[in-house]
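Colleague: I am new to this structure and would like to go through it with a few questions. Please show it first.

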Amino acid sequence: MWSRNVVAVCRHRSRACLHAPSRSLASVAEAPSPLASSSTSDPANAPKVVLNAAVILNRSPILTRTPTLFERAYFAYQSRIRRALFNPFPTDFYFKTGSLLERKFAKEERLRDREAFGGPWTLKRRKQGPAEVDEDGILIASADQAETMGEEPVEPPAPRIHESDKTGDVKSLDRKGERNLYLLIRGKDYAGKEVWRFPQGGLQEGEFLHQAALRDLQAECGINMDTWIVGKKPIAVYQPSLPESTKKSLGGELYTFFLKAHILAGQVRPDGKNVTDFAWLTKEEIEPRVEKDYWASVKDILSDF
């Protein structure tokens, strides 16, 4: 009898639990207010920004870098190995025995051996007649003989130090041939102050960054340059800290996006109104000319070489 009463009570409680109203989990989270959702989606309340496109115009190195001491030692070692394993050249097959060409080739071979294995291979030039011999006993060819042999005059290589490096001409594209140069211009910034900066300008309606960068470059530096914008995406951004009064005058926060470009030919021809001066500078030469926050935004995208 007692067991039947226990079973009846359990059944009654289980039915009560089954028929108990369940609380919806969705009722725990409060529904967002319509005012909050409308304020975030309203474009009128979105923060206003002013976009500029700047160009980092690069002149690539035009000379190979001067080798280091380790590189010179490595090249000399490889040259010695190459000369030691070199098969003898059959001069009797290509040159007539005792001819002027054979003697000239033998002299050049001795110079190459001395350059590879060391020794005083540099020859001293002396005033000699056309039929005289040099200090190695090789007959010196006259100008007529050299022309008869079909030789062309060899032009000396260009000096590694240009005249602009000696005079300090920062407007020359031939200076610092081993380094990357960047175009820096002197013009007005957002506050109307004369500063050194990269060529830049604002965006027009419906214009992409790379299109605005090319247009602003031509507007500030002239059309006498053949340039190439490397990509359509910016490589850096600069956001100056502006007071509220300046933001109101500009129309919002100012963002300057930098795009990389290369100069292929030509030179800068500023109009003298918006741009008063320009210079082709290395990375180390740019730092003292620009502001600190501007330098912090561009220093990592400039080459150290």
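Colleague: Among contacts in the chain between residues at least 6 apart in sequence, what percentage join residues at least 24 apart?
Modeller: The model is predicted: local features need pLDDT of at least 70, side-chain atom pairs count only at pLDDT 80 or more, and totals for chains, interfaces and linings use all residues. Residues are numbered from 1 along each chain as its sequence is written, and side-chain values use heavy atoms, with hydrogens and water left out. A contact means heavy atoms within 4.5 Å. Among the contacts between residues at least 6 apart in sequence, the part joining residues at least 24 apart is 67%.

Colleague: Is S249 buried or exposed?
Modeller: S249 sits in helix α9, residues 244-250; a helix here is a DSSP run of H or I with at least four residues. Buried means under 20% relative accessible area, exposed over 50%, and partly exposed in between, with a 1.4 Å probe and protein chains only. S249 has a relative accessible area of 60%, so S249 is exposed.

Colleague: Which residues line the largest cavity?
Modeller: A cavity is a set of points on a 1 Å grid over the protein atoms alone where a 1.4 Å probe fits but cannot get out, and lining residues have an atom within 4 Å of a point. The largest cavity has a volume of about 30 Å³. Helix α8 (209-221) and strand β5 (225-229) each supply at least two residues of its lining. The lining residues are L217, Q218, G222, M225 and T227.

Notes:
On a 1 Å grid over the protein atoms alone, a cavity is a set of points where a 1.4 Å probe fits but cannot get out, and a pocket is an open set with protein on both sides within 12 Å along at least five of seven lines; lining residues have an atom within 4 Å of a point. Grid points are joined across faces, edges and corners, and a volume is the space filled by probe spheres set on the points.
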